[in-house]
Amino acid sequence: MKNSDSRSLLTAGPLVLVALIVLAALTRVLPHPPNFSPITAIALFGGAYFANRSWALLMPLIGLFVSDLVLAGVNGGLYASWFSGAGIWVVYGCIVLTTVMGFGMRGKVSGGSVLGYSLAGSILFFLVTNFSVFAFDAMYPKTVAGLTAAYVAGIPFFKWSVLGTLFYSAVLFGGFELLRSRVPSLRPQTV
């Protein structure tokens with residue numbers, strides 16, 4: 001890392017972004033409906049606000065990983081086994097793709113763009129993760145009917161995923177814009 005990159009990460013904007021991402025990720029430990037999660041919102045948020053694309057990609061992944069470690073520590077057993085399966089790579093890959101989607105909001109954050117990108121990110125997550133369950137889990141036959149069954153089984157979780165993404169997007173994007181309006185050092189791009 002260049003010396004100027006490390007100095008720019010230690011300014012107010014990037015530190016606030018990192019803190020918001022980690023705090024949002026750790027809310028996964030709180031009781032919540034299945035898939036009511038901040039993860040898609042975190043990815044979009046990082047992509048929209050970190051000027052340095054490497055940090056934009058890295059911080060949501062770190063937030064997800066830290067919260068996964070806490071969840072594994074708290075819940076143990078089945079949740080800890082998550083780290084040895086293929087599913088973790090699919091979810092982390094979705095987060096990278098969603099962060100890249102968030103790059104499209106750079107300098108254009110508005111209520112409409114946050115809503116549209118949040119819905120698109122939720123749909124991406126639903127399509128990719130349910131396809132991976134179909135592809136890697138023996139529970140579904142490798143037929144069109146099996147693929148359809150995998151997507152139908154995911155519909156109840158999709159509702160919560162969309163609601164979680166919309167909620168956390170409103171909190172992250174709205175909260176940061178409110179902070180930016182009151183703290184001048186947060187107004188420029190951040191890293």
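**Ground rules.** I am working with a predicted model, in which local features need pLDDT of at least 70 and side-chain atom pairs count only at pLDDT 80 or more, while totals for chains, interfaces and linings use all residues. Residues are numbered from 1 along each chain as its sequence is written, and side-chain values use heavy atoms, with hydrogens and water left out.

**Entry on the fold.** I looked up the secondary structure and found 8 helices and 0 strands in the protein chain, where helices (H or I, at least four residues) and strands (E, at least two) are DSSP runs numbered from the N terminus.

**Entry on the dimensions.** I noted that the C-alpha trace spans about 55 × 35 × 30 Å along its principal axes. I also looked up burial, and 40% of the 191 residues count as buried, a term for under 20% relative accessible area with a 1.4 Å probe, protein chains only.

**Entry on Tyr151.** Leaving aside residues up to four places away in sequence, Tyr151 touches Phe126, Leu127, Asn130 and Phe131, contact being heavy atoms within 4.5 Å. For Leu127 I recorded a further detail, namely that its backbone oxygen lies 2.8 Å from a polar atom of the Tyr151 side chain. I then looked up Gly102, which is 49 residues from Tyr151 along the chain, and the C-alpha atoms of the two are separated by 25 Å.

Technical notes. Polar contact = N/O pair within 3.5 Å; in protein donor to acceptor, adjacent residues only side chain to side chain. Buried < 20%, exposed > 50% of the residue type's maximum accessible area, 1.4 Å probe, protein only.
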